[in-house]
Amino acid sequence: MIRFEAVDKWYGDYHALQSITAEVAQGEVVVVCGPSGSGKSTLIRTVNRLEEIQKGRILFGEQDVHARALDINAFRSRVGFVFQSFNLFPHLSAAQNIMLAPMNVLKLGRARAREKAEQLLARVGLASKADAYPGQLSGGQQQRVAIARALAMDPPAMLFDEPTSALDPEMVGEVLQVMKSLAREGMTMMCVTHEMGFAREVADRVWFMDQGRIVETGAPGDFFERAQSERARRFLSELRAH
């Protein structure tokens, strides 16, 4: 569903992504991990063109994401993206945040959009919060609304960019629970996260990045128990110590 073909990205002289070639199959959950500054968030943000690339190709299905002729807004409406910092509209209720794109992009009627919003809020465990504003919700609740908002466009794949890193520890579990249920339902997911328990339990494959490269890929059991590269082994031992 997502394919990277010899992708390179620079910020000025800084080579942020170096010859990335990898793919995410339909229905697969891939967790991207690695030290800070390794290129994880840059990589995931190239998939919906929040970051441009200078070389190579990225295909989403059969669509060349970085083709000049691409209608970016139409394309992005098909890719669910969940940010680190929620990015909800503070002046809209939870339901209104979710209704916005289906009404404006899919031209769904207000009643149908509201019904869909309520179904999605129930799906993320927030059925009673439809009319609450973001400022009245905890960080974990806001992030679950953000996930519901991304699901409102019925995307074939979901991208998560460190979705729990802005949350207090006690709120992390409630967001990971929603992500686990999506994985069980067969959603194609690419997740940048430091939550190694989630990676071990839910991922089909782990990509380990360092200095703009995918250094190692493997099934979670292999990666966590038998990491091949010295850099990955050091990263894992530092995580365990932490």
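# Legends to the close-up views

**View 1. Phe 208 and Phe 223 are both buried.** Buried stands for under 20% relative accessible area, exposed for over 50%, and partly exposed for values in between, with a 1.4 Å probe and protein chains only. The model is predicted: local features need pLDDT of at least 70, side-chain atom pairs count only at pLDDT 80 or more, and totals for chains, interfaces and linings use all residues. Residues are numbered from 1 along each chain as its sequence is written, and side-chain values use heavy atoms, with hydrogens and water left out. The structure holds 6 aromatic pairs. Rings of Phe, Tyr and Trp (its six-membered ring) pair if their centres lie within 6.5 Å; planes under 30 degrees apart are stacked, over 60 edge-to-face, and the rest tilted. Phe 208 and Phe 223 make a tilted pair, with 6.0 Å centre to centre and 35 degrees between the planes. This pair links distant parts of the chain, since Phe 208 is in strand S9 and Phe 223 in helix H8, 15 residues apart. Helices (H or I, at least four residues) and strands (E, at least two) are DSSP runs, numbered from the N terminus. Phe 223 also pairs edge-to-face with Phe 224, at 5.3 Å centre to centre and 75 degrees between the planes. Phe 224 is buried, as is Phe 223. Phe 208, Phe 223, Phe 224 and Phe 235 form one aromatic cluster.

**View 2. Helix H9 has a buried side, with Arg 231, Ala 232, Phe 235 and Leu 236 among its buried residues.** These residues cover an arc of only 130 degrees around the axis, which puts them on the same side of H9. The arc is that of the directions from the helix axis to the C-beta atoms. In an α-helix there are 3.6 residues a turn, so residues three or four places apart point the same way. Arg 240 and Ala 241 are exposed, on the face of H9 turned away from its buried side. The buried residues of H9 pack against strand S3 (29–33), strand S9 (205–210), strand S10 (213–218) and helix H8 (220–226). H9 (residues 230–241) has 12 residues, which at 1.5 Å a residue should span 16 Å; its end C-alpha atoms are 16 Å apart, which agrees. The expected span is 1.5 Å times one less than the number of residues in the helix.

**View 3. Gly 218 is found in strand S10.** At 14% relative accessibility, Gly 218 counts as buried. Leaving out residues up to four places away in sequence, Gly 218 touches Arg 205 and Val 206, where contact means heavy atoms within 4.5 Å. Gly 218 and Arg 240 are 22 residues apart along the chain, and their C-alpha atoms are separated by 19 Å.

**View 4. The largest nonpolar core has 53 residues.** Such a core is a set of buried Ala, Val, Leu, Ile, Met, Phe, Trp, Tyr and Cys residues joined through side-chain atoms within 4.5 Å. Those with the most contacts inside the 53-residue core are Ile 147, Met 158, Phe 160, Met 179 and Met 189. Helix H6 (residues 169–184) gives the most to this core, with 8 residues. A second, separate core of 26 residues includes Val 47, Ile 53, Phe 81 and Val 192. Beyond four places in sequence, Met 189 touches Val 24, Glu 28, Val 29, Val 30, Met 158, Phe 160, Met 179, Leu 182, Ala 183 and Phe 198.

**View 5. Ile 58 lies in strand S4 (residues 55–60).** Its relative accessible area is 0%, so Ile 58 is buried. Apart from neighbours within four places in sequence, Ile 58 is in contact with Arg 3, Phe 4, Val 7, Thr 46, Ile 53, Gln 63, Asp 64, Val 65 and His 66. Ile 58 and Ala 6 are 52 residues apart in sequence, with 8.8 Å from C-alpha to C-alpha.

**View 6. Lys 9 lies over the face of Tyr 11, at 4.5 Å from the ring centre.** A charge sits over a ring if NZ of Lys or CZ of Arg is within 6 Å of the ring centre and within 35 degrees of the ring normal. Lys 9 belongs to strand S1 (residues 2–11) and is buried, with a relative accessible area of 5%. Not counting residues up to four places away in sequence, Lys 9 touches Tyr 14, His 15, Ala 16, Leu 17, Thr 42, Glu 51, Glu 52 and Gln 54.

**View 7. Ala 117 is found in helix H4 (residues 110–123).** Ala 117 counts as buried, at 0% relative accessibility. Ala 95, Ile 98 and Met 99 are touched by Ala 117, not counting residues up to four places away in sequence. Ala 148 is 31 residues from Ala 117 in sequence and 7.7 Å in space, C-alpha to C-alpha.
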